[in-house]
Amino acid sequence: MLIDTHCHLDAAEFDADRRQVIGHALEAGVQAIVIPAIERANFAVVRELAGQVAGGAYALGIHPLYVQRADDADLDALRDAIRQSLGDPRFVAIGEIGLDFFVPEIASGEPRARQERFYAAQLAMAAEFKLPVLLHVRKSQDILLKYLRRHERIGGIAHAFNGSAQQAQAFVEQGFALGLGGAMTYERALQIRRHATDVDLRHLVLETDAPDIPPAWLHPPRRRNRPGELARIAQVLAGLRGITPAQVAQATTANALRVLPRLSAAILADD
């Protein structure tokens with residue numbers, strides 16, 4: 001069993017063939033897909049879509065690249081959506097939230113302060129409702145950790161993690177697993193591949209971030225990624241660690257279920 005812990009299955013890139021994409025993933029052994037929201041406008045969309053996918057689950061949150069067009073009313077709407085979703089077995093986390101300091105236009109000044117305010121507010125909701133988070137981590141590891149340390153261990157997944165070994169350990173100590181996906185499949189991605197081999201397997205999960213971050217075999221990078229690529233991504237991780245794909249599948253599935261405790265109920269919802 002494979003779990004794609006981060007897939008934007010609601011993206012417009014899948015509008016023409018979403019059912020076929022889901023079928024391809026199932027054929028590849030992907031039996032659960034977590035679909036994170038990115039803004040208020042798609043809270044209902046990811047909830048509905050998760051209910052249409054075998055093993056479908058969803059998270060609710062406001063992505064750091066979207067906070068510039070959000071306001072306090074969106075945070076209120078998020079809180080309401082969380083409350084309404086607590087009884088839904090497919091609701092597993094708050095996300096995608098975090099900080100993005102890679103994009104120059106939002107990495108300083110008021111845009112950065114706005115990112116941090118929305119991140120802090122959503123972390124507080126995670127702590128209040130005792131939910132894990134799906135973290136967007138791009139050149140922002142230390143600041144993300146600074147806010148995390150203000151709460152008891154929230155935990156969750158550091159999505160597409162590409163920090164230092166020390167930062168990786170710090171996230172693990174905060175109860176996070178590190179998300180590995182298509183970027184790991186490129187030989188030049190030395191830092192990510194070091195995490196793939198050096199971090200204890202208990203702290204790694206698999207993801208695609210589809211339709212983004214396509215793996216090496218979908219070169220050039222502009223080609224669309226799909227959740228069904230997770231099987232080959234798992235094979236790459238197995239090769240880097242010198243273990244079997246079955247061992248990778250077993251470990252990463254167990255890890256995903258540990259850091260996203262509600263995910264088991266989402267999978268069982270289809271039994």
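Trainee: Which backbone oxygen does the side chain of Arg90 reach at 3.4 Å?

Mentor: A polar contact is a pair of N or O atoms within 3.5 Å; within protein, one must be able to donate a hydrogen and the other to accept it, and residues adjacent in sequence count only if both atoms are side-chain atoms. Here the side chain of Arg90 reaches the backbone oxygen of Ala50 at 3.4 Å, and that of Gly56 at 2.9 Å. The model is predicted: local features need pLDDT of at least 70, side-chain atom pairs count only at pLDDT 80 or more, and totals for chains, interfaces and linings use all residues. Residues are numbered from 1 along each chain as its sequence is written, and side-chain values use heavy atoms, with hydrogens and water left out.

Trainee: Is Arg90 buried or exposed?

Mentor: Buried means under 20% relative accessible area, exposed over 50%, partly exposed in between (1.4 Å probe, protein chains only). Arg90 has 11%, so it is buried. Its contacts (heavy atoms within 4.5 Å), leaving aside neighbours within four places in sequence, include Val53, Tyr58 and Asp270. Arg90 and Tyr58 are 32 residues apart in sequence and 6.1 Å apart in space, C-alpha to C-alpha.

Trainee: What volume does the largest pocket have?

Mentor: On a 1 Å grid over the protein atoms alone, a pocket is an open set of points where a 1.4 Å probe fits, with protein on both sides within 12 Å along at least five of seven lines; lining residues have an atom within 4 Å of a point. Grid points are joined across faces, edges and corners, and the volume is the space filled by probe spheres set on the points. The largest pocket has about 790 Å³. Of its 33 lining residues, the closest to its centre are His136, Arg138, His159, Asp209 and Ile213.
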